[in-house]
Amino acid sequence: MSMNVALRLFLLVGAFAVFAMVIRKIRKSEMQSGDSVFWLVFAGSFVVLAIFPQVAFALSDLLGFASPSNFIFICAIALLLIKLFTLSAEVARLRQKLVALTQEIALREKR
Amino acid sequence: MKTLAIIPAYNEEESIVATVEELKAVASAVDYVVVNDGSRDATLARCREKGYNVLNLPVNVGLTAGFQAGMKYALEHGYDYAVQFDADGQHRPEYLEALVAEAEKSGADIVIGSRFVTEKKPVSARMTGSALISGIVKATTGKKINDPTSGMRLYNRSMIKRYAYESDFGPEPDTVAYLVRQGAKVSEVQVSMRDREAGESYLSFSKSISYMARTCLSILFLQWFR
């Protein structure tokens, strides 16, 4: 039982690329540690799947996927969509704060 | 009755002086505030030169937030009525008195300066959009609003409070429809408007399409969850 070697290598390379980028951002203080958790867990799960493909086989068999790579793709897409959705909500919240601050600056001149 | 004309201005250096001068000359009973929404041209400089009352937003935040800043100003300074007044010269100040009179007489929360109360809607692409919005407002609220896209709307004190406090409350037809559903009383007064004197129209073709999509979606769907 073995998953496509190319996919396993790709997962490993991808995971290390993500680790490298996150560490670089944290060094430059462009990302806070709380925000890095998602990416580190994301990359960590790639490593687990690359080293222990049995995990992907077991789960995709259990859920009835035709192949473990399909299962991995759908998980990655789902996680990214969730991330995108929460980011969109976060941007809306930030925009509201920016607007409130901008209005406050203008109104203070008038008090 | 203290009435405030809120004049949102984004890059309106060519028309802002004429607009404010006309407003001051024709409707001297109405106070005004120019909301400079982070203009990159000389809008602020023109206003300062002339000593106009300006609320200066340091960055561009868009019409909704700019108008809301005006409403916060109206609330803080104890105005009974606030009316949106375009900086580009489309709105005629001689009608402001009639809007206030209608609000006083009818007790309406919102009085719309409408182009189509006694006048008929002309046939054009833009008016088809206007008719469509009228139709869905009527269908969802039961209230017939002849000119839902008119920007010339007068709000009373209770509406000023709501606009000042709530987010995502644009001076747009979907907000008016939402307020009607919440029990606000809307009245319309016949006015005439000018074509734009300067600058480019806010609504280009692609913007018109996305405006219509957003407005219709908001009235038909999103506002039931607000």
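Visitor: How many aromatic pairs does the count give over all chains?

Guide: The count comes to 13 aromatic pairs over all chains, where rings of Phe, Tyr and Trp (its six-membered ring) pair if their centres lie within 6.5 Å. This is a predicted model, in which local features need pLDDT of at least 70, side-chain atom pairs count only at pLDDT 80 or more, and totals for chains, interfaces and linings use all residues. Residues are numbered from 1 along each chain as its sequence is written, chains are lettered from A and ligands numbered from 1 in the order in which they are written, and side-chain values use heavy atoms, with hydrogens and water left out.

Visitor: What makes Phe67(B) and Tyr155(B) an aromatic pair, and is it stacked, edge-to-face or tilted?

Guide: Their rings are 5.9 Å apart, centre to centre, with 55 degrees between the planes. Planes under 30 degrees apart count as stacked, over 60 as edge-to-face and the rest as tilted, so the pair is tilted. Phe67(B) belongs to helix 3 of chain B and Tyr155(B) to strand 6 (residues 153-156) of chain B, 88 residues apart; helices (H or I, at least four residues) and strands (E, at least two) are DSSP runs, numbered from the N terminus. Both residues are buried (under 20% relative accessible area; exposed is over 50%, partly exposed in between; 1.4 Å probe, protein chains only). Ring pairs also link Phe67(B) and Tyr155(B) with Tyr163(B), Phe169(B) and Tyr178(B) into a cluster.

Visitor: How do you know whether the span of helix 3 of chain B agrees with its number of residues?

Guide: The expected span is 1.5 Å times one less than the number of residues. For the 15 residues of helix 3 (residues 62-76) this gives 21 Å, and the end C-alpha atoms are 21 Å apart, which agrees. Helix 3 of chain B is followed by Gly78(B), whose phi is positive, near 70 degrees.

Visitor: What makes helix 7 and helix 8 of chain B roughly parallel or antiparallel?

Guide: The axes of helix 7 (residues 173-181) and helix 8 (residues 205-220) come within 9 Å and cross at roughly 10 degrees. Angles under 35 degrees count as roughly parallel, over 145 as roughly antiparallel, 65 to 115 as roughly perpendicular and the rest as oblique. The two helices are therefore roughly parallel to each other.

Notes. Axes are lines fitted to C-alpha atoms, for helices over the stretch in contact, and angles run from 0 to 180 degrees between N-to-C directions.
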